[in-house]
Amino acid sequence: MTKVVTSNGPRPRRTQAARRTATRDALLNAARELFIEKGFAATGTPEIVTAAGVTRGALYHQFTDKTDLFYAVAAREAEAISAAIDDATTVASDAYEAMRVGTLAYFDALAISGRSELLLVQAPAALGYQAATALLSGTGGAELQSGLSTLYPALAADDLDALTDILSAAFDRAALAIASGAPRLPYERMVMTVIGAPGAPALVDRAVPRGPQ
């Protein structure tokens with residue numbers, strides 16, 4: 001019979017950095033659930049610290065206020081989306097394939113429960129349009145722009161920026177529709193048509209109509 005040897009000595013104490021990380025994670029996890037359930041405006045800091053099992057002082061040691069906490073929650077979600085897209089596109093054979101698998105990865109990542117609500121609905125209201133837009137630019141925006149620059153190398157820089165902005169908004173709208181229960185496949189097909197699937201209309205430079213000279 002094998003004898004199991006156990007140690008009765010004291011358990012190693014967590015470092016201060018580990019405790020801070022654990023407290024921060026607890027607050028982020030609790031806040032995420034409450035923001036999804038009740039919304040940013042209706043969620044109070046007292047219920048967040050209660051759900052997290054920490055003190056109010058611990059919250060304000062980690063975050064300036066509730067808005068700062070919301071930003072951290074949203075930033076973590078955005079980073080997860082970006083990582084999913086990076087992972088999916090690493091082995092893509094060309095720009096079109098990268099756009100295809102990146103699109104699927106984006107929709108997969110936004111399908112995580114509560115994520116589209118936090119990032120696409122609550123973030124603009126809680127953080128303001130500019131801050132929310134800057135945050136969301138990290139959710140595949142750079143990859144989208146890089147792919148578009150390869151697919152349409154003749155586009156001027158300003159046009160490329162505008163196209164990226166327009167398509168980012170289209171991606172977000174599609175993600176919201178899918179999260180609300182709309183069939184996903186038609187959105188995937190149409191997004192791929194827009195970003196350059198075979199047979200899609202080529203982008204052309206159209207002169208601004210002028211009045212009579």
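Phe 70 is a buried residue, with a relative accessible area of 0%. This value, like every other value in this report, is computed from a predicted model.

## The chain as a whole

The chain contains ten helices and zero strands. The chain has 213 residues, and 35% of them count as buried.

## Aromatic pairs

Six aromatic pairs are found when the whole structure is searched. In one of them, the ring centres of Phe 40 and Phe 70 lie 5.3 Å apart and the ring planes meet at 75°; the pair is edge-to-face because this angle is over 60 degrees. Phe 40 belongs to the loop between helix H1 (16-38) and helix H2 (45-52), whereas Phe 70 belongs to helix H4, so the pair ties together parts that are 30 residues apart in sequence. Phe 40, with a relative accessible area of 15%, is buried.

Tyr 106 and Phe 171 form another pair, with ring centres 5.7 Å apart and planes at 65°, so this pair is also edge-to-face. Tyr 106 lies in helix H5 and Phe 171 in helix H9, so the contact ties together parts that are 65 residues apart in sequence. Both partners are buried: Tyr 106 has a relative accessibility of 5%, and Phe 171 has a relative accessible area of 9%.

Ring pairs join Phe 35, Phe 40 and Phe 70 into a cluster. A charged side chain is present as well: Lys 66 lies over the face of Phe 40, 4.3 Å from the ring centre.

## Two further buried positions

Arg 32 is part of helix H1. Its relative accessibility is 11%, and Arg 32 counts as buried because this value is under 20%. The side chain of Arg 32 makes a polar contact of 2.8 Å with the side chain of Glu 77.

Gly 102 lies in helix H5 and is buried, with a relative accessible area of 12%. Gly 102 and Ala 88 are 14 residues apart in sequence, while their C-alpha atoms are 6.2 Å apart in space.

| Residue | Relative accessible area |
|---|---|
| Phe 70 | 0% |
| Tyr 106 | 5% |
| Phe 171 | 9% |
| Arg 32 | 11% |
| Gly 102 | 12% |
| Phe 40 | 15% |

## The largest pocket

The space in the largest pocket amounts to about 770 Å³. Its lining is made up of 36 residues, and those nearest the centre of the pocket are Leu 136, Gly 141, Leu 144, Thr 164 and Ser 168. By class, 17 residues of the lining are nonpolar, 14 are polar and five are charged.

Which helices each supply at least two residues of this lining? They are helix H4 (66-89), helix H5 (95-110), helix H6 (115-127), helix H7 (129-136), helix H8 (141-151) and helix H9 (157-179).

How values were computed:
Residues numbered from 1 in each chain as written. Predicted model: local features only at pLDDT ≥ 70, side-chain atom pairs only at ≥ 80, totals over all residues. Heavy atoms only, no water. 1 Å grid on protein atoms, 1.4 Å probe; cavity = no way out; pocket = protein on both sides within 12 Å on 5 of 7 lines; lining within 4 Å. Points joined across faces, edges and corners; volume = space filled by probe spheres on them. Helix = DSSP H or I, 4+ residues; strand = E, 2+ residues; numbered from the N terminus. Nonpolar A, V, L, I, M, F, W, Y, C, P; charged D, E, K, R; others polar. Phe/Tyr/Trp six-rings, centres within 6.5 Å; stacked < 30°, edge-to-face > 60°. Buried < 20%, exposed > 50% of the residue type's maximum accessible area, 1.4 Å probe, protein only. Lys NZ or Arg CZ within 6 Å of the ring centre and 35° of its normal. Polar contact = N/O pair within 3.5 Å; in protein donor to acceptor, adjacent residues only side chain to side chain.
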